[in-house]
Amino acid sequence: MKKLKETIINFLDNHISIAFPAPAMITLFIVVIFPIIYNIYMSFSKWKIGLGSPKFIGLQNYIDAFSDPRFWNGLKVMFLFSGLSLSLEIVLGLLIAVYFNKEFKGSNFIQTIYIFPFAATPVAIALIWRIMLNPQIGVLNYFLSLFGLPGSLWISDARTVIISLVLVDVWKWTPMITLIVLAGLKSLPKDPYEAAIIDGANAFHVFSYITLPLIRPVLITALTLRSLDNLKEFDIIYTITQGGPGIASETLYLYSYKTAFSFFKAGYGSTLIIIVFLLVLLFNVALNKIRYRTEVL
Amino acid sequence: MNKAKIYKVLFYIGMIILIIPPIFVFAWMIMIGLKTGVQNIEYPPLFIFKPTLENFKAVFQQHNFFKYLTNSFIIATFATLISLFIGLPAAYSIARYKQRNLSIGILVARMTPFVSYLLPWYIVFRKLNLIDTFTALIITHLIITLPMIIWLMIAFFEGVPIELEEAALIDGCVRSETFLRIALPLSKNGIITSAIISFIFSWNQFLFSLILSGPKTRTVPVAVYNFMSYGKIDWAGIGAAATIIVFPVLVFAFFVKNRIVEGLTRGALKG
């Protein structure tokens, strides 16, 4: 018995670089890779969930997607929602971080408050926003009226629904970007700033010629981190509008979910999921390229 | 008043403006929960009113929230513990032996859309008769917690000075002992941080429970969502339920706030 134990420990030690990661990697393979392969296979098939068995139809689903107006709508909504929310979150996150980047009483308090929005359960927060965005009795229109501004229809109007969802996403995630950038700013070297002050540079020059180039890698990483979730935003949109009114806020990702789980078209749903996955991948590869280039410069 | 003082006052005014949005939404959530159904649909919205705890009582007594809280707690705890158990050695190995290929695998796991897991897992779990069981939900939550813990812990293990482990090896420790006796204790902070972040993400997870849970294993995000799906929206109930499910997360976040920022930024700053 003792010998067996020793043998196991010896074996572990000699093969530690395989034995240590093996359980996690095997688990990941089963929980992650198997579903991906299943989806790829399913994307070449036609199958109504619950009826018969999947039939191989080659590229037909992909061809169908390109002539499906709802697919193009989903793509458009996805680009609008993600484009607007990601750029607002990065710009606001950066500006607020620069604002708070100094020693002051209450900086600890700011940090606490800014953690709450992105830690809080998305579904719960989205429901509260849904109540606040109510056009008749919601508190947001009340605030607008206090300033003498006309109320908005928010999520009830196809023209304002995406911007309303962007508002919620920006509220939830800008604080995270702020905290990441703030930590990045604190770790920047002091010398360039001292040199700039001696040279008589103003605040705007300091920001655009020193802070911005130095903080760029952090910004790009924050964007990468954020885009992983943002391009696949589900909870907020599903809870607040479910893609409505009509399909005005139905992202490609939400459409893929509905295709599989409301219309029970498993094959076509998988095709749409694969396309979302490829878009996320593409975006990340592109970001990685940009980051690499900034590091070379 | 001199110039410096004016700047200071302006700075604090700006600060107040910048913290109103996060604070107001949470305050409003609690206020919705403390108002009666009638008070909630009054216009202009009521800011001063006599608070009632009836909604909170109803959430527990009529909507059985204690059960959903327990369910979420069980799932998040087990998913986190399993992820720590198998994820820590993996992260250690990736950090020490620079196994880049493995870390790319983890990135793939983070990029894959969650919807793509639903159908294959639904089919498998139905075959195994596991729909509406904790086993099924814990397994799917590993999809979130395991990559997250490994990804965070790689950075923490890289911060453990290798010299200490080399010294231990010379003293006759074997490799797995240096992991248990040196690397793990030295990264205690990192382990607590990644465990809490993992717990929060599992607690907040909505999509997997939406499809794979049932009356027995329903988690809190689905339970609060259901306040809306009976045709009429129960505002007061939503306010109370949302407050209850957000509260533990905020408490957690509050106690480890420095470490959460550190955990999130570590990845970002290292790139």
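## Helix 3 of chain A against helix 6 of chain B

A helix axis here is a line fitted to the C-alpha atoms over the stretch in contact, and the angle between two axes is taken between their N-to-C directions. With that in hand, and bearing in mind that this is a predicted model, take a look at where the two chains meet. Helix 3 of chain A packs on helix 6 of chain B (residues 115-127) at about 90 degrees, and the axes are 9 Å apart. Angles from 65 to 115 degrees count as roughly perpendicular, so that's the label for helix 3 of chain A and helix 6 of chain B.

Which residues make the contact between these two helices? From helix 3 of chain A we get Phe34(A), Pro35(A), Ile36(A), Tyr38(A) and Asn39(A), while helix 6 of chain B brings Ser116(B), Tyr117(B), Pro120(B) and Trp121(B). Sorted by class, the residues of this contact are seven nonpolar and two polar, with no charged ones.

## The chain A side of the interface

## Helices 5 and 9 within chain A

Now for a pair inside chain A. Helix 5 (residues 69-100) and helix 9 (residues 161-186) of chain A have axes that come within 6 Å and cross at roughly 40 degrees.

As for handedness, helix 5 of chain A passes helix 9 of chain A in a right-handed crossing. The residues of their contact come out as 20 nonpolar, four polar and two charged.

## Two domains in chain B

Chain B splits into domain 1, covering 1-52, and domain 2, covering 63-270. Their C-alpha centres sit 33 Å apart. How many residues of each domain are in contact? Eight residues of domain 1 of chain B meet seven residues of domain 2 of chain B.

On the domain 1 side, the elements giving two or more residues are helix 1 (3-34) and helix 2 (37-40) of chain B. Helix 1 of chain B supplies the largest share of that side, four residues. By class, the side of domain 1 that touches domain 2 of chain B has three nonpolar, four polar and one charged residues.

How values were computed:
Residues are numbered from 1 along each chain as its sequence is written. Chains are lettered from A and ligands numbered from 1 in the order in which they are written. This is a predicted model: local features need pLDDT of at least 70, side-chain atom pairs count only at pLDDT 80 or more; totals for chains, interfaces and linings use all residues. Axes are lines fitted to C-alpha atoms, for helices over the stretch in contact, and angles run from 0 to 180 degrees between N-to-C directions. A crossing is left-handed if the near helix is turned anticlockwise from the far one by less than a right angle, and right-handed if clockwise. Ala, Val, Leu, Ile, Met, Phe, Trp, Tyr, Cys and Pro count as nonpolar, Asp, Glu, Lys and Arg as charged, and the others, Gly among them, as polar. Angles under 35 degrees count as roughly parallel, over 145 as roughly antiparallel, 65 to 115 as roughly perpendicular and the rest as oblique. Domain bounds come from an automatic or database domain assignment.
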